[in-house]
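Keep the sequence and the model in view.

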Amino acid sequence: MDDLSLQHIRKSKQHTLLILLISLATFLFAIYSMGTGSSSNLGFWTTVKIILGLDEGTELQSAIIWKLRFPRVLMAIVGGAALATAGALMQGALGNPLVSPLTMGVASGAALGAALAIVVGWSFVDNDLAIVLNAFLFSLLVVFIIIQLGKMRSISAESYILVGIAITFISGAIVSTLQYFATDAQLSALAHWSFGSLSRPTLENAVYVSMSLVILMPTALKWSWDLNALSMGGDEFAISTGVDPVSTRKNILILSALMTSIVIAFTGLIGFVGLAAPHMSRLFVGTDFRKLIPCSAVLGSMLMLFADTVGRTLFAPIVIPVGIMLSVIGGPFFLYLLLKKQGAKL
Amino acid sequence: MKQTLLKLKDLDVGYSEPLIKDINLTVQSGEVIAITGPSGIGKTTLLRTISGLVRPLKGTVELQVEKRGGLGYIPQKLGLIRHASVEHNIALGSISSSEKMQMFSRIRSAAVLGFILSLFLSFFQYPFGGPLFFLCGPGILITSVLSQRLLHQQKQTIVWNAMKAVRLSDKQHEPVRRLSGGQQRRVATARTLAQSPSLIVADEFLSELDDTNVTIVIEAMLNIIKSGSSLIMVEHNLARAKQLANRIWTVENGTITEEVIEDE
């Protein structure tokens with residue numbers, strides 16, 4: 001075997017190891033995070049013992065860990081992974097580093113759905129799931145419109161991006177109009193929804209989101225070859241390797257919209273992780289999507305978990321929503337990585 | 001039984017202005033079509049329109065091939081990854097899957113649908129949600145792992161056969177940039193063969209090749225055509241075009257004329 005192949009295999013092994021290390025770090029941090037909070041701070045080992053059932057702990061301790069913090073931590077892990085994966089998929093499929101679930105209409109659709117449920121009271125179901133279901137269905141609807149209009153304009157990746165931006169503005173305008181007519185209470189509810197917080201999802205919600213991700217994640221990985229072909233040499237190269245760029249792009253947009261909307265329907269708008277985690281992963285493992293997708297997922301989990309833990313411990317008992325914390329902590333860290341690797345191509 | 005693979009209906013191709021107008025042509029399975037005509041007249045644009053890279057200005061391109069890997073496109077500039085090995089280049093992209101794989105994928109899709117249904121059922125507290133959930137969840141995992149394994153084995157066999165067909169088995173691990181121009185063209189041919197496409201669209205893929213390489217590439221192509229695939233190629237050498245093709249499309253003054261070559 002020649003040097004280049006050997007070098008490639010060695011690097012690939014290093015990258016796998018790195019991904020495993022980040023996963024392990026996320027796992028350990030999750031345990032720490034379950035023991036830490038505004039009340040009832042437990043040591044790492046005490047938390048491990050309570051989780052494993054070796055130490056019962058007080059009733060309050062076990063209730064805090066299982067009923068309050070576990071759903072939160074689980075949601076941070078699966079939500080971070082889903083948003084980051086969706087970001088990586090979109091950036092690859094559209095060949096544009098600025099694309100993220102927030103810029104491609106998913107978030108604006110979710111916001112429109114939530115605004116309709118909160119302000120007008122117009123929703124598909126009439127229970128506590130009204131906002132969640134509205135946000136979910138509207139984000140999918142908006143993505144469907146973007147895909148249809150994008151196809152009408154031309155078959156290139158740019159047309160999806162441009163149409164996505166236009167539709168984002170239109171639904172943003174409808175949300176603003178609704179806000180203009182909303183009462184103070186409705187406005188406050190809508191603002192709270194748009195902060196993006198992990199305190200909303202219940203254990204049941206978190207389990208459903210995790211299960212959906214278990215199904216969707218392998219599909220994302222299955223398309224990593226196609227994404228490699230699309231991002232390596234554009235449409236002509238993709239076709240010459242047997243990948244149909246038009247349908248691949250459409251399928252990937254649908255998949256990433258599904259992943260994003262499942263999460264943000266429960267948590268509210270969380271944007272940064274979908275943009276930054278794939279870029280950070282690219283600095284670590286390069287552009288091969290077979291490694292980039294899993295790396296983005298674990299890094300997304302880690303980022304989200306870290307931001308949420310800091311958000312609820314820094315000014316305890318005040319809890320700062322994870323959407324805000326992510327940008328506050330992630331932004332400078334992202335800038336640092338970018339500037340450190342100056343000249344590196346994203 | 002011959003099958004129509006491609007139907008061009010009232011087609012105008014070009015970018016802003018049409019280069020070729022009113023194309024009404026069909027391609028059946030097992031046919032070889034050679035396109036001839038002077039440079040810059042729109043032959044490549046026609047091939048790019050057939051492949052879906054350029055939108056038709058007017059009319060339609062009806063392709064009756066599978067979405068994944070049904071169309072094999074060999075661009076003029078080949079589009080190989082120069083630093084990667086021959087094997088890697090051939091393995092890149094989609095490789096069509098066997099019936100067994102399709103069966104696995106159908107079972108998995110059914111399991112996924114069941115799983116989503118069970119999610120909804122349990123969410124709104126209907127019965128049967130739970131049992132369906134536990135039936136479909138492991139089902140998805142098992143079919144995924146099994147089909148992944150099968151796909152890997154199949155992929156290796158396909159790549160090996162394609163390399164043998166263009167006589168590059170001894171260069172398996174060689175980076176493409178170290179190969180001669182003719183050998184690189186053989187890699188591109190093998191990459192297309194590995195997809196076992198129903199329709200191959202090749203842009204000037206025999207030009208600039210010496211006799212040995214031409215023989216190897218043509219032999220490999222004729223083998224796949226015997227099994228029912230079709231080939232559309234741009235060919236400047238009229239004698240060779242007449243020898244290989246069933247029909248010749250001549251592009252002249254913005255129109256195409258078709259000439260059927262009788263079998264000798």
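A residue is buried if 20 or more other C-beta atoms lie within 10 Å of its own, and exposed if 12 or fewer do. The model discussed here is predicted.

Q: How many of the 25 residues of helix 12 of chain A are buried?
A: Helix 12 covers residues 289-313 of chain A. The rest of the structure largely encloses helix 12 of chain A, because its buried residues number 22 of the 25. The count is 22.

Q: What distance does helix 12 of chain A reach from its first C-alpha to its last?
A: Helix 12 of chain A has 25 residues. At 1.5 Å a residue, 36 Å is expected. The value in the model is close to that: 35 Å.

Q: How far apart are the end C-alpha atoms of helix 6 of chain A?
A: Helix 6 of chain A takes in residues 157-181, which is 25 residues. At 1.5 Å a residue, they should span 36 Å. The distance between the end C-alpha atoms agrees with this: 37 Å.

Q: Is A:Thr103 buried or exposed?
A: A:Thr103 sits in the loop between helix 3 (59-94) and helix 4 (106-120) of chain A. Around it, 21 other C-beta atoms lie within 10 Å. The cut-off for burial is 20 or more. So A:Thr103 is buried.

Q: Which residues does A:Thr103 touch, not counting those up to four places away in sequence?
A: Two of the partners, A:Gly164 and A:Thr168, are themselves buried residues of helix 6 of chain A.

Q: How far apart in space are A:Thr103 and A:Leu275?
A: Along the sequence, 172 residues separate A:Thr103 and A:Leu275. In space, C-alpha to C-alpha, the distance is 9.4 Å.

Q: What separation do the C-alpha atoms of A:Trp45 and A:Trp225 have?
A: A:Trp45 is in helix 2 (residues 44-52) of chain A. It counts as exposed because it has 12 C-beta neighbours inside 10 Å. A:Trp225 is 180 residues away along the chain. Their C-alpha atoms are separated by 42 Å.

Q: Are helix 8 and helix 10 of chain A roughly parallel or roughly antiparallel?
A: Helix 8 (residues 203-222) and helix 10 (residues 245-267) of chain A pack with their axes 10 Å apart, at an angle of about 170°. An angle over 145 degrees counts as roughly antiparallel. Helix 8 of chain A is therefore, relative to helix 10 of chain A, roughly antiparallel.

Q: How many nonpolar, polar and charged residues form the contact of helix 8 with helix 10 of chain A?
A: On the helix 8 side, A:Val209 and A:Leu216 are among the residues that take part. On the helix 10 side, they include A:Met259 and A:Phe266. The contact divides into 9 nonpolar, 3 polar and no charged.

Q: What share of the residues in chain B is buried?
A: Chain B has 7 helices and 9 strands. It holds 264 residues. Buried residues make up 38%.

Q: Where does B:Asn253 lie?
A: B:Asn253 has a positive phi near 50°, though it is a residue other than glycine. It is exposed, because 9 other C-beta atoms lie within 10 Å. Its place is the loop between strand 8 (247-252) and strand 9 (255-260) of chain B.

Q: What is the phi of B:Asp10?
A: B:Asp10 belongs to strand 1 (residues 4-14) of chain B. It counts as exposed, because it has 12 C-beta neighbours inside 10 Å. It is not a glycine, yet its phi is positive, about 45°.

How values were computed:
Residues are numbered from 1 along each chain as its sequence is written. Chains are lettered from A and ligands numbered from 1 in the order in which they are written. This is a predicted model: local features need pLDDT of at least 70, side-chain atom pairs count only at pLDDT 80 or more; totals for chains, interfaces and linings use all residues. Helices (H or I, at least four residues) and strands (E, at least two) are DSSP runs, numbered from the N terminus. The expected span of a helix is 1.5 Å times one less than its number of residues. Axes are lines fitted to C-alpha atoms, for helices over the stretch in contact, and angles run from 0 to 180 degrees between N-to-C directions. Angles under 35 degrees count as roughly parallel, over 145 as roughly antiparallel, 65 to 115 as roughly perpendicular and the rest as oblique. Two residues are in contact if their C-beta atoms, placed from the backbone, lie within 7 Å. Ala, Val, Leu, Ile, Met, Phe, Trp, Tyr, Cys and Pro count as nonpolar, Asp, Glu, Lys and Arg as charged, and the others, Gly among them, as polar.
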